[in-house]
Amino acid sequence: MPDAPAVPAAGLLDALRALLGPRGLLTDPADLAPHLADWRGLYRGAAPCVLRPASTAELAACVRLCAEAGVAMVPQGGNTSMVGGATPDESGRQVVVSLARMNRIRDLDPVDMTMTAEAGVVLKAAQDAAAAAGCLFPLSLGAEGTATIGGVLSTNAGGNTTVRYGNARELMLGLEAVLPDGQVWNGLRRLRKDNTGYALRHLLVGAEGTLGIITAAVLRLFPRPRETEVAFCAVRDEDAALALFRRFRDRDESAVRAFEYMSGTGVDLAVRHIEGVAHPLATRAAHYALVDLASSRPDAGLRRLMEDVLEAALEAGEVLDAAIGGSEAQRAALWRIREEHPEAQKREGASVKNDVSVPVSRVPELIRRCSAALAALVPGSRPVPFGHMGDGNIHMNLVQPEGMDPAAFLARSDAIMDAVNAVVRDLDGSFSAEHGIGRLKTDMMEAWRGGAELDLMRRIKAAVDPRGVMNPGKVLP
């Protein structure tokens, strides 16, 4: 690897300031502070400045200047990374590159069903723009009010609707990016079929800014739903939750937009800590499932489908009780129970988060085995598994025991993650499902992706970014 990049010299800062103007270069400590810590509070870095280009041309000029000086850059979108992927290190040698000012929707075509959005467009803004045109941009996740298009593509974010629409990679047709030497690659093609050599866009998606900085993307749109139904269900156990998913999938796979699992502990925490969140059922259960159905047909009959499947599951003893949202407000309230899980855990105390995936058929075993292993590892701790059962991605989190010192609990993070990963490996899963690697999980890459796979990743990084200036210390050990 190349030597550690240098601290930006005064001449470089002057050149960047002249290029970007007063709004485009932040050096005041108060302005820098929000860009130096991650959302979870795991990492706090240092940086001499934050670059805030307003266009691809400005960004390309910044990258050229920094690359020529050997100064490393840390791309940052909404700074919602769960693994420290957008946080600079503590050396003060890295500059942060914020894409926040590159926030235009350049084009929206309801015939092609595409949107061309810049990297700084907030995910919720992209959803709203699609809706205003009578379309749907389906990527949906808890941080959608802050996360940006560049960030969700750089991490190949998944979210709530992956079971229906796929991850961010499947929702992208073309990209524009600035490469580590400052060249601009314009791959903003709206084509569904374009089989011309290496698919460079897929190389950049999920690379977490280590191979270049995404500046804009062509995104796939879909017909907007005309009928939706949401149900919150108490289920007998983890196997019953999976059986319920199979019932809906077998009845009409195209109608299933999301299928989420929640533990009783997680729901209790959301009700306890989040104002406005209320339990929709009369009695508490140990396991829950949230079912979201949607169709672009106004006569899809989703209410009948929902009721029929739930009735059969009730008769089979898989579902214990259920509430179906009768209005948009009620459906949103049911979803909020699930969406507030991360914030509720944060308010309860320290927690160790495990973003893992296994084959869908093995999700119940994952939840059972991990919950038992974690409870035994840290007596009094509270396993809080939740997430996307429909695509096999469960957030196997552990909340500290009540009254335990948070620092003492977090000191056991490695052992907790190792316990979860041992089960995940045994079930043919992955230690990183949708959050990425960032800084948090680089030391796991050798064990999980070592040999030819990791060697190839390193060779790609060395070929594309030989000076190591793009988000160093992330993804690769």
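Predicted model: local features only at pLDDT ≥ 70, side-chain atom pairs only at ≥ 80, totals over all residues.
Helix α5 gives the most, with 4 residues. By class, the lining of this pocket consists of 25 polar, 16 nonpolar and 7 charged residues.

The structure contains 0 disulfides. For Cys49, the nearest cysteine sulfur belongs to Cys66 and is 7.0 Å away; a disulfide would require the two sulfur atoms to lie within 2.5 Å. Cys49 has a relative accessible area of 0% and is therefore buried. Cys233 is also buried, again with a relative accessible area of 0%.

The count of aromatic pairs comes to 4. In one of them, the ring centres of Phe232 and Tyr288 are 5.0 Å apart and the ring planes meet at 35 degrees, so the pair is classed as tilted. Phe232 belongs to strand β12 (residues 227–235) and Tyr288 to strand β14 (residues 287–295), so this contact ties together parts that are 56 residues apart in sequence. Phe232 counts as buried because its relative accessibility is 0%, and Tyr288 is buried with a relative accessible area of 0%.

A further tilted pair is formed by Phe431 and Trp448, with 5.1 Å from centre to centre and 45 degrees between the planes. Phe431 lies in the loop between α15 (413–426) and α16 (445–449), whereas Trp448 is in helix α16; the pair links distant parts of the chain, 17 residues apart. Both partners fall under the 20% limit for burial: the relative accessible area is 2% for Phe431 and 14% for Trp448.

Charged side chains also contact aromatic rings. The ring of Trp448 has the charged end of Arg425 over it, at 4.2 Å from the ring centre. Trp448 thus takes part both in the tilted pair with Phe431 and in a contact with Arg425. At Trp39, the charged end of Lys346 sits over the ring, 4.3 Å from its centre.

Terms used:
Residues numbered from 1 in each chain as written. Heavy atoms only, no water. Helix = DSSP H or I, 4+ residues; strand = E, 2+ residues; numbered from the N terminus. Nonpolar A, V, L, I, M, F, W, Y, C, P; charged D, E, K, R; others polar. Buried < 20%, exposed > 50% of the residue type's maximum accessible area, 1.4 Å probe, protein only. Phe/Tyr/Trp six-rings, centres within 6.5 Å; stacked < 30°, edge-to-face > 60°. Lys NZ or Arg CZ within 6 Å of the ring centre and 35° of its normal.
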